[in-house]
Amino acid sequence: QVQLVESGGGLVQAGGSLRLSCAASGRTISDYHMGWFRQAPGKEREPVAGISWNGALTNYADSVKGRFTISRDNTKRTVYLRMNNLKPEDTAVYYCAAGINIATMTSADSWGQGTQVTVSS
């Protein structure tokens, strides 16, 4: 199993940018499709972006298409989420996940503990 630790969250003004990182330990992440999910207060966790094991395929939620970019560096065992033009509705705890279904962006074998992103208007 792989252990995941997210970082890079914080407070940013609307229109700003952040880059989240997900560092993995244990089993190599090149065995996994990886993803980012988020959960806002009072809402269910939702998928944000997914990336195939080799980075060849990506998938995004409609709400973040054109603003967010997922990438990975298997040699560094790290997955990234670049978030541009952030909006207040992007405020949530963001979770990294390993072993997702890249087509449906559901299910995961492992989850990180989450990192808070807060976007002020």
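Trainee: Leaving aside neighbours within four places in sequence, which residues is Met83 in contact with?

Mentor: Please keep in mind that this is a predicted model. With those neighbours set aside, Met83 contacts Gly16, Ser17, Leu18 and Leu20, as well as Arg67, Phe68, Tyr94 and Val117.

Trainee: And which residues have the most contacts inside the largest nonpolar core?

Mentor: They are Met34, Trp36, Leu81, Met83 and Tyr94, in a core of 30 residues. At least two residues of this core come from each of β1 (2–7), β3, β4 (34–39), β5 (46–51), β7 (68–73), β8 (78–83), β9 and β11 (115–120).

Trainee: What does the second, separate core include?

Mentor: That core has five residues, among them Ala97, Ile100, Ile102 and Met105.

Trainee: Now the cysteines. How many disulfides does the structure hold?

Mentor: It holds one. The disulfide is formed by Cys22 and Cys96, with 2.1 Å between their sulfur atoms.

Trainee: Where in the chain do the two partners lie?

Mentor: Cys22 belongs to strand β3 (residues 18–26) and Cys96 to strand β9 (residues 92–98). The pair is 74 residues apart and links distant parts of the chain.

Trainee: Is the link of Cys22 and Cys96 left-handed or right-handed?

Mentor: It is left-handed, with -80° about the S-S bond.

Note on methods: Residues are numbered from 1 along each chain as its sequence is written. This is a predicted model: local features need pLDDT of at least 70, side-chain atom pairs count only at pLDDT 80 or more; totals for chains, interfaces and linings use all residues. Side-chain values use heavy atoms; hydrogens and water are left out. A disulfide is a pair of cysteine sulfur atoms within 2.5 Å. Helices (H or I, at least four residues) and strands (E, at least two) are DSSP runs, numbered from the N terminus. A nonpolar core is a set of buried Ala, Val, Leu, Ile, Met, Phe, Trp, Tyr and Cys residues joined through side-chain atoms within 4.5 Å. Buried means under 20% relative accessible area, exposed over 50%, partly exposed in between (1.4 Å probe, protein chains only). Contact means heavy atoms within 4.5 Å.
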